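Where does a chain leave open space, and which parts of it sit around that space?

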Amino acid sequence: MPGWQKLYAELKDKNFEIVSVAQDTGGVKDAKPWIDAAKPEYTVLVDTQHLVTRLYDMVNVPTAVWINEQGRIVRPNEAAYVDDRYKGMHRLDAAEYLAAIRDWAAKGDQSQFALSEVEIRERLTPQKPEWALAAAEFALGEYLYHNGQGPASIRHYKEAQRLNPDSWNYKRQAWALSDAEREYGTSFMKEVQKLNGKPYYAPRKLKKEGKQ
């Protein structure tokens, strides 16, 4: 968050806004310490029901969607890092991404990084029926967790992970709500290590086709 605050301070006078959404089932009590430490001047929300994740088909964090002044998405969700602390895991260059944001803030829809509706559709991943079932299982797990039935929620979180194994959001959130080693036999770092160097984010196509 401090990195995003620095970028916001730089670009806010160019009609640039950031809306940060914490995807934490635990709500404010889990997200607040991080928000308080960062002291962001931009808007910060806490989404305990993971509605943003479902609406924008996000499978990991940090993820960003670019939306222009008319409310149109000009870049679908993609990995969004403001520094290179975890570059060994995701292999994405933060400076390149920040330069693209600055270009968009300066040029708007004329930026080479702002995609047309056709280009957006070409980059979207067709939904699978099992992903819808995974979302329902995850939502049921959330309901049980919020109603004090944490142990009962675990089998639904596991089913969500089985139905959509590419969603790191399902894994990370479920593992954070209980003893991951005991209940799931794994942890975030163990799962990353299993990839043996393979990036755990989908490759990012920053520029338009033909302008790479």
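Strand E3 (63–67), strand E4 (73–79), helix H6 (117–123) and helix H9 (168–176) each contribute at least two residues to the lining of the second largest pocket. Helices (H or I, at least four residues) and strands (E, at least two) are DSSP runs, numbered from the N terminus. This is a predicted model, in which local features need pLDDT of at least 70 and side-chain atom pairs count only at pLDDT 80 or more, while totals for chains, interfaces and linings use all residues. Residues are numbered from 1 along each chain as its sequence is written, and side-chain values use heavy atoms, with hydrogens and water left out.

Rolling a probe the size of a water molecule over the atoms shows where empty space is left. On a 1 Å grid over the protein atoms alone, a pocket is an open set of points where a 1.4 Å probe fits, with protein on both sides within 12 Å along at least five of seven lines; lining residues have an atom within 4 Å of a point. The second largest pocket holds about 1100 Å³ of space, where grid points are joined across faces, edges and corners and a volume is the space filled by probe spheres set on the points. Its lining has 36 residues, and Val59, Asn77, Thr125, Tyr201 and Ala202 are the ones nearest the centre. By class, the lining of this pocket consists of 20 nonpolar, six polar and ten charged residues. Here Ala, Val, Leu, Ile, Met, Phe, Trp, Tyr, Cys and Pro count as nonpolar, Asp, Glu, Lys and Arg as charged, and the others, Gly among them, as polar.

E4 supplies the largest share of that lining, six residues. Five of the seven residues of E4 are buried, where buried means under 20% relative accessible area, exposed over 50%, and partly exposed in between (1.4 Å probe, protein chains only). E4 is antiparallel to E3, with four bridges between them; two strands pair if DSSP finds at least two bridges between them. Thr63 has Ala79 of E4 as its bridge partner. Five residues separate the two strands of this hairpin, in which Gly71 takes a positive phi near 85 degrees.

Glu78 also belongs to strand E4. Is Glu78 buried or exposed? Its relative accessible area is 11%, so Glu78 counts as buried. Leaving out residues up to four places away in sequence, Glu78 touches Pro62, Thr63, Ala64, Trp66, Tyr97 and Arg204, where contact means heavy atoms within 4.5 Å.

The peptide bond joining Val61 and Pro62 is cis, with omega about 0 degrees. Asp57 lies in the loop between H3 and E3, and phi of Asp57 is near 55 degrees, a positive value in a residue other than glycine. Asp57 is partly exposed, with a relative accessible area of 29%. Asn15 is not a glycine either, yet has a positive phi of about 60 degrees; Asn15 sits in the loop between helix H1 (2–11) and strand E1 (19–22). Asn15 counts as exposed, because its relative accessibility is 55%. Most residues other than glycine have a negative phi, and most peptide bonds are trans.

H9, which also lines the pocket, is mostly covered, with seven of its nine residues buried. These are Trp168, Asn169, Tyr170, Lys171, Gln173, Ala174 and Trp175. The cover over the buried residues of H9 includes helix H3 (51–55), H7, H8, H10 and helix H11 (188–194).

Helix H8 (residues 150–163) has 14 residues and reaches 20 Å from its first C-alpha to its last, close to the 20 Å expected at 1.5 Å a residue; the expected span is 1.5 Å times one less than the number of residues. In H8, the buried residues are Ser153, Ile154, His156, Tyr157, Ala160, Gln161 and Leu163. Helix H7 (129–146), H9 and helix H10 (180–184) are among what covers them.

Ser187 lies in the loop between H10 and H11. Ser187 counts as buried, because its relative accessibility is 19%. Beyond residues up to four places away in sequence, Ser187 touches Trp175, Ala180 and Glu181.
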